[in-house]
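Dear colleague,

I am passing on the structure below, and would be glad if you could look through it alongside my notes.

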Amino acid sequence: MDAGVLYISVPYRTCGHLCCCGCGQEVVTPLSPAQWSFTYDGESASLAPSIGNWSLPCQSHYWIRSGHVRWSRRYSSAEIDDNRARDRRLLTQGTGTREPVRSFRLRRLLQFWRS
């Protein structure tokens with residue numbers, strides 16, 4: 001993967017990018033109603049919800065909005081545990097399915113900035 005590029009595969013329901021903190025770790029965000037979704041406005045992409053890299057040494061936490069990285073605060077260990085538990089609950093409740101449309105790679109340089 002190249003730094004500053006968000007890769008999106010609709011058929012595989014996955015997005016990927018290198019961690020925005022610069023540590024070089026690959027970050028994969030599965031697309032599903034209980035995990036992440038992306039929007040593309042013809043020029044830039046957004047991912048929701050935020051990306052919390054709790055398993056990485058950097059533990060970075062940020063949003064990707066309109067092609068920009070917006071940094072979030074650090075979460076405590078208790079908050080990370082709560083988020084993981086909530087995510088597990090959502091996944092076990094069922095995520096539904098969507099028909100794959102087509103695959104494309106969105107090349108958009110993300111502008112790194114801290115809010």
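What follows is a description of the model, from its overall make-up down to a single residue.

This is a predicted model, in which local features need pLDDT of at least 70 and side-chain atom pairs count only at pLDDT 80 or more, while totals for chains, interfaces and linings use all residues. Residues are numbered from 1 along each chain as its sequence is written, and side-chain values use heavy atoms, with hydrogens and water left out.

The mean pLDDT (the predictor's confidence in each residue, from 0 to 100) is 80, and 81% of the residues reach 70 or more. Over residues 95–115, however, pLDDT stays under 50, although the model has 52 contacts beyond four places in sequence for this stretch, a contact being heavy atoms within 4.5 Å. Where pLDDT is low, the predicted coordinates should not be read in detail.

The secondary structure comes to one helix and eight strands, arranged along the sequence as β-β-β-β-β-β-β-α-β; helices (H or I, at least four residues) and strands (E, at least two) are DSSP runs, numbered from the N terminus. Of the 115 residues, 35% are buried, that is, under 20% relative accessible area with a 1.4 Å probe, protein chains only.

An open sheet of three strands has the order β1-β2-β3 with antiparallel pairing, where two strands pair if DSSP finds at least two bridges between them. Its edge strands are β1 (7–9) and β3, each of which pairs on one side only. Three bridges join β1 to β2 (residues 14–18), and Ile8 has Cys15 as its bridge partner in β2.

Further along, β5 (residues 45–52) pairs with β6 (residues 61–65) in the antiparallel sense over three bridges, with Tyr62 of β6 as the bridge partner of Ile51. Strand β6 also pairs with β7 (residues 68–71), again antiparallel, over four bridges, and there Trp63 has Arg70 as its bridge partner. These two strands, β6 and β7, form a hairpin with two residues between them, and Ser66 in the turn has a positive phi of about 50 degrees.

Leaving aside neighbours within four places in sequence, Thr29 is in contact with Arg13, Thr14, Cys15, Trp36, Leu47 and Ile51.

Note on methods: Buried < 20%, exposed > 50% of the residue type's maximum accessible area, 1.4 Å probe, protein only.
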